[in-house]
Each structure stands twice: as C-alpha cells, then as structure tokens.
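Dear colleague,

Please find the structure below, together with its sequence.

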Amino acid sequence: MADDIVFDLLHSEIINYALEQTKTTNGSKEVDLSVVEYIGFAAGYKIMERLTREWPRFKDELDTMKFICTDFWTCIYKKQIDNLRTNHQGVYVLQDNAFRFLTNFSNGHQYLEYAPRYVAYTCGLIRGGLANLCINSIVTAEVQSMPSCKFHIHVQRT
Amino acid sequence: MAVCVAVIGKDNSPLYIGGIGNDTSTDNELSRQWLVHTALDALEERLSTTNTSNTNSSANTARTDLRDLYLGLLYSTDTHKIYGYVTNTRIKLVLVTSSTSPSGSNIRDAEVRTALRRLHALYADAICNPFHLPGDQITSQKFDKQVKSLMLNNV
C-alpha cells in the first residue's frame with residue numbers, strides 16, 4: 001500500500017506547486033490549472049505507447065474507449081471505470097464512483113470547490129492518451145458529490 | 001540480417017532511419033530513405049483493408065490476422081525484402097533485409113516478427129526520454145546503439 005500512496009502524494013504536491021506558481025506570477029486569485037493538465041497530457045501520451053504494445057489493433061473508437069475504461073484505468077487507478085455511456089456520436093461519459101484522488105480527503109460536499117484541481121491531471125491524461133491513438137478530443141470533468149467523478153470526452157472530428 | 005530499420009511517424013515523417021554500412025546499396029542515407037518510403041504505400045494499403053474488412057463479414061479470417069500489429073512481408077525487390085509493423089499509435093516500423101546475403105535470404109518470418117516487436121519496445125522506451133518531443137526525430141544515442149545491435153543479432 002505504501003508504494004501506491006507515493007503517486008497520490010506527488011500528484012497533490014504538483015497541484016500545490018502549480019497553484020503557488022500562478023500566485024507568484026500573476027498575483028490574482030485565479031487558479032490556472034493548464035500546467036497540471038499539460039503534465040497529464042504528456043504523461044498520457046507517453047504511457048499509451050507502452051500500454052498498447054501487447055494489444056491487438058483497435059477496431060473502432062468504442063473499442064478504444066473500452067480500453068481506456070479497463071486497462072488504462074487499472075494501470076493508473078488500480079480499478080476499472082464503473083460506468084461508460086455514449087451517444088455513438090462522439091460523446092463518451094466515464095463514471096468513476098470512487099475516484100482515487102478524491103477518496104482521500106472527502107466524502108460529501110466538504111472541499112467540493114477544490115475538486116477541479118484534483119481532476120485536471122486526469123483530464124490531461126485521458127486527452128494525451130487519446131491524442132497518441134489519433135483521436136483528438138476535449139475532456140472535461142464533473143464532480144457532484146465527492147468520491148464520484150464523471151469525465152466527459154468530446155471527440156473532435158475533422 | 002537486417003540492413004536497414006526505420007521508424008516513421010504518424011504523419012509519415014521519418015523519425016529514425018538506421019542502417020548498417022556493409023551493404024553497398026544501403027550504406028548511404030538517400031538509398032535507405034528511398035527503400036523505406038517506397039514501403040509506405042504498401043503499408044497504407046494494408047491498413048485500409050483492415051478498416052474495410054470490418055464491414056465485410058466474409059473476410060472474417062483475414063480480419064483476425066490484420067488485427068495483429070505485425071503486417072508481414074510488404075514486398076520484395078531483387079535485392080531487398082521489406083517488412084512492416086504498425087503500432088496502435090500509428091507509428092510505422094519498417095525493417096529491410098538483404099536477399100543477396102546468405103543470412104538475409106533465408107530469414108524466417110518469426111525472426112522478423114520478434115525483431116520488430118523488440119524494436120517497438122525500444123521505441124516505447126525512447127519516447128519516455130524527457131528530452132524527446134513527440135513528433136521529433138529520435139536523436140538518442142542509446143536508442144541508436146540498441147537498434148544497431150538488434151540489427152546485428154537478428155541473423
């Protein structure tokens with residue numbers, strides 16, 4: 001268990017660092033999470049090459065999303081996505097009922113306003129992973145009550 | 001024995017082309033590039049048949065074969081044989097063997113498959129290098145050295 005917590009701690013320190021940086025550069029109270037999102041993007045992009053190495057070629061987009069929900073998620077969060085929904089037109093909703101970065105600090109509405117900070121990295125991670133698989137997307141997250149989290153993936157078709 | 005190995009990016013730009021200079025027709029950069037780039041059309045053709053066979057259920061056996069990342073022999077010329085491999089991330093790996101040398105002419109398919117799988121593993125390691133930006137050429141000397149030794153061992 002101790003080796004799992006290292007990643008969680010590093011993640012929360014990266015967020016603290018990014019917040020500290022934006023505070024010193026522009027002095028405003030506005031929170032800039034694009035740095036964290038970018039870190040996630042780069043990590044997702046690189047890890048995808050490794051994870052898909054032993055995997056047969058993906059049939060279609062849905063097949064790729066299923067991979068994200070199962071193997072990709074298990075690799076990073078030690079569990080699978082609890083629910084995947086799609087409208088078959090490029091919108092996918094991934095629901096995690098006990099999101100790893102949120103389970104540690106709240107179980108309800110306390111700290112709800114800070115939740116966006118802790119999902120930015122994961123949004124980047126999904127976007128980066130999909131970008132490497134040649135799927136351009138916009139990933140947003142939605143947190144309604146604490147340990148559960150929904151990720152909306154909008155695939156950008158050209 | 002492989003005489004030339006290439007890594008081609010998503011947009012068909014060369015990320016890495018390496019060869020061993022003991023073969024007269026592949027000892028310069030230009031002829032290597034030429035050999036590798038002629039393979040790209042064959043690669044695209046294979047990939048497009050993968051996509052169309054999804055709707056065509058009669059090609060069921062062919063489809064299971066095409067879901068493999070290793071695409072096998074793309075084509076052969078008088079002097080060379082060219083093998084292809086496309087990763088899930090659409091990185092194309094090309095391996096060229098010489099059919100004039102005795103070790104290259106009777107190379108088995110399984111050997112090429114393992115060589116390309118190892119090349120894929122090396123590539124996956126290379127892009128985890130923080131000094132490498134995605135889409136740039138691979139300039140890592142470590143990668144170059146490992147690929148060269150892979151080409152030599154693959155006799």
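A residue is called buried under 20% relative accessible area, exposed over 50% and partly exposed in between, with a 1.4 Å probe and protein chains only. At 45% relative accessibility, A:Lys66 therefore counts as partly exposed. This residue is found in helix 3 of chain A, and its C-alpha atom is separated by 8.1 Å from that of A:Leu84, which is 18 residues apart along the chain.

This is a predicted model, in which local features need pLDDT of at least 70 and side-chain atom pairs count only at pLDDT 80 or more, while totals for chains, interfaces and linings use all residues. Residues are numbered from 1 along each chain as its sequence is written, chains are lettered from A and ligands numbered from 1 in the order in which they are written, and side-chain values use heavy atoms, with hydrogens and water left out.

Helices (H or I, at least four residues) and strands (E, at least two) are DSSP runs, numbered from the N terminus. Helix 2 of chain A (residues 34-51) has 18 residues and reaches 25 Å from its first C-alpha to its last, close to the 26 Å expected at 1.5 Å a residue (1.5 Å times one less than the number of residues). Among its buried residues are A:Val36, A:Phe41, A:Tyr45 and A:Met48.

Helix 2 of chain A packs against helix 5 of chain A (residues 115-132) at an angle of about 40°, with the axes 6 Å apart. Axes are lines fitted to C-alpha atoms, for helices over the stretch in contact, and angles run from 0 to 180 degrees between N-to-C directions. Helix 2 of chain A is therefore oblique to helix 5 of chain A (under 35 degrees is roughly parallel, over 145 roughly antiparallel, 65 to 115 roughly perpendicular and the rest oblique). Residues of helix 2 that meet helix 5 in chain A include A:Gly40 and A:Gly44, and those on the helix 5 side include A:Gly124 and A:Gly128 (contact means heavy atoms within 4.5 Å).

Helix 3 of chain A (residues 61-77) packs with helix 5 of chain A at about 130°, with axes 12 Å apart; these two helices are therefore also oblique to each other.

Chain B has 5 helices and 5 strands, running β-β-α-α-β-β-β-α-α-α from the N terminus on. Buried residues make up 46% of its 155 residues.

Yours sincerely
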